[in-house]
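Visitor: Please take a close look at the aromatic pairs here. Then place them beside the contact between the chains.

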Amino acid sequence: MFDSLSDRLGSVFERLRGRGALTELDVRAAMREVRIALLEADVALSVVKQFIEDVTERAIGAEVTRSVTPGQQVVKIVNDALVELLGGEAEGLNIDVTPPAVIMMVGLQGSGKTTTTAKLAKLLTEKHAKKVMMASLDVARPAAQEQLRVLGEQVGVATLPIIAGQQPVAIAERARQAARLQGFDVVLLDTAGRLNVDVALMAEMAAIATATTPNEILLVVDALTGQDAVNVATAFKAEVALTGVVLTRMDGDARGGAALSMRAVTERPIKFAGTGEKLDALEAFDPQRVAGRILGMGDIVGLVERAAANIEQADAEKLAAKLAKGQFDMDDLRGQLRQMKAMGGLGALAGMIPGMGAAKKAMENGAIDDKVLGRMEAVICSMTLKERAKPEILTAKRKIRIAKGAGTTVQEVNKVIKMQMDMATAMKKLRKLGGMKGMASMMAKMGAGGAGGLAGMLGGGMPPGFDKFKR
Amino acid sequence: MSWFDRLKSGLTRSTAKLGDSLAGLATGNLPLDAARLDAIEEALIAADLGPAVAGRIRARLADAKFAKGIDDAGLRDAVAAEVTAVLAPVAKPLSVTAFPRPHVILVVGVNGSGKTTTIAKLARRFTEADYTVMLAAGDTFRAAAIAQLKIWADRIGVPVISGEQGADAAGLAFEALKAAREAGTDVLIIDTAGRLQNKAGLMDELAKMRRVIQKLSPAAPHDTVLVLDATTGQNALNQIEVFRDVARITGLVMTKLDGSARGGVLVAAAERFHLPIHAVGVGEGMDDLRPFEAGEFGRALVGG
């Protein structure tokens, strides 16, 4: 997500950067473009207006005109303001209280409350070692309680037994009572979806909050939400004491407008982001990292974390040792391809690496897809061990054999060889510069492991030659 | 409350906001100056019409030469007329036309947009019009989605074909079509699992469902309806584009217009894609679906 927003901002910035002098008119023209970029990304109008006003004021003020590089200065002001808009530090849940801590989930219909409840229960159980119980207070949507029960079974979290016909406030009280008696640390209350204009249901929500005094009331918001985000957030905030926001469907291609608006409108931190359909796809929300991605600066921390979670320590150390010597053979290339697959494929990675917007776009257009990784791996697997260690022995005859083995053409085989050669050259260059060794050993030490993949990509850019693999 | 009142109140509520923003811009016959045009443009953007469409409507109003000035009501009419002009050509209710029967309707959309509820409402409308209806619980992914559709089917009194959770959705669609054909049903409505449009694998599954259905009935599905949530902003345009390319959607239904969202993105969608808009959902009950009418939507959008 965020791609088109960061593209749009990027092109505005590009034009500003080159300028020697900036007049007030130049700044205002640039700000108009920023405004449209934000609005097209579904950032709330009131937030956009405030943002543009602030930035324009700062940019026209003394800060810029006295600067030697005014364009650069404006870019920096916009960047800083965006980070401020998203909020500063990441914030966790306040659940270290006398058990049971009560977490209440509220939101519109279809915003993803029930799924998020299950994801959060799983996260708290597995990562925070909490004993968690879930209870569905949704008596409106058919089979909603059943849905939570099934999800509870899937994630291995207890759910409150369903009593047909019981009303939400009564269920909430029974849930808290049961959690206390049975020694649960956290009880998650999944409420029915309600429209912010539905007076009766909004009052019911307030009644549940009063009866159970939750430690956290999380507003679940769909990241695809448009301008209505403001009305929704304001209405829910007026009715209950929200403590945070969970953004769902951050894996969609929304441009992040809701993410940018929510903090400003609710004045509460965004605590989590749902990033997929699987029940472990819930991540703590880190404003600075998200700001980095919007601004096209990549999310290196996220990349390293993902690498750490997916790559074997031993493999990484072995590769790091080899790279330190400036070697890079076919086995290393295959290792990298596998790592990239394990880390969520090309698309996921490209979005996190600074300046990789172009590669990501190529993928979205279908020019490159994740199958490329598999096909390249097949080519390498069709080589003998000797060929992999010494690619220079690959003769035309051998290439024909490999192509047949991998079910592809000699051209494809040549592309893989070219890629390995380019990578090897890049590694040698890096080694001469002395940067590689330090980087590789540092990565291995951190256990981040992706030394090869990461350092290769960061140092030499994307493994060369990817653009040649058209579908 | 009668259902007509509920619909009316739903629509009014959903759209009162833009009316509010337009109100007070023009008291008496004031000339339409840049400040007032800006305010109109912003009101349109806040209704999710998007900056491009809002800019165009603004330009058209500026060109319209309200030399003598324009009052509040006149301004609303002018904006409503612009919106209606865009929407009128695409307002087409769903109709049962297939021969031989059944008329197959495939319902698709992103997660949580309201597919299952919309299917129940559609089934209700068709049964009220004396068509026989069968449902297929094609959302085999989400927990309890099948149970949800079954409860609705019971309430409306229509049969539902379902499989196990996790079963192959395309296979189920095939079975359902066979059953509907044998039973001589008029309309078969197939539910699908919600999917984000940027998930290639899931989108391919939709294409497979189409292929499998077409083995039995080459013209099916006769309608492929994309369900859009009114709270969705400009992303709805992306959704339409991708679902159109993969699932070949033939029309749109917009849900949750009874909230504070105004669904203005439909105007942008109509301009860009010219896809028919069949109906709008204005509540949680099974009667809360009404045919889409451009004039009404345009007037409601500006309020008053």
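Guide: Buried means under 20% relative accessible area, exposed over 50%, and partly exposed in between (1.4 Å probe, protein chains only). This is a predicted model: local features need pLDDT of at least 70, side-chain atom pairs count only at pLDDT 80 or more, and totals for chains, interfaces and linings use all residues. Residues are numbered from 1 along each chain as its sequence is written, chains are lettered from A in the order written, and side-chain values use heavy atoms, without hydrogens or water.

B:Phe292 and B:Phe297 are both buried. Rings of Phe, Tyr and Trp (its six-membered ring) pair if their centres lie within 6.5 Å; planes under 30 degrees apart are stacked, over 60 edge-to-face, the rest tilted. Two such pairs occur over all chains. B:Phe126 and B:Tyr131 are edge-to-face, at 6.1 Å centre to centre and 75 degrees between the planes. B:Phe126 is buried, at 6% relative accessible area. B:Tyr131 is partly exposed, at 27%. The pair B:Phe292 and B:Phe297 is tilted, at 5.3 Å and 55 degrees.

Now the contact between chains. Here 34 residues of chain A touch 42 of chain B, contact meaning heavy atoms within 4.5 Å. There are two salt bridges between chain A and chain B; each needs a side-chain nitrogen of Lys or Arg within 4 Å of a carboxyl oxygen of Asp or Glu. One of them joins B:Glu42 to A:Arg35, 3.7 Å from N to O.
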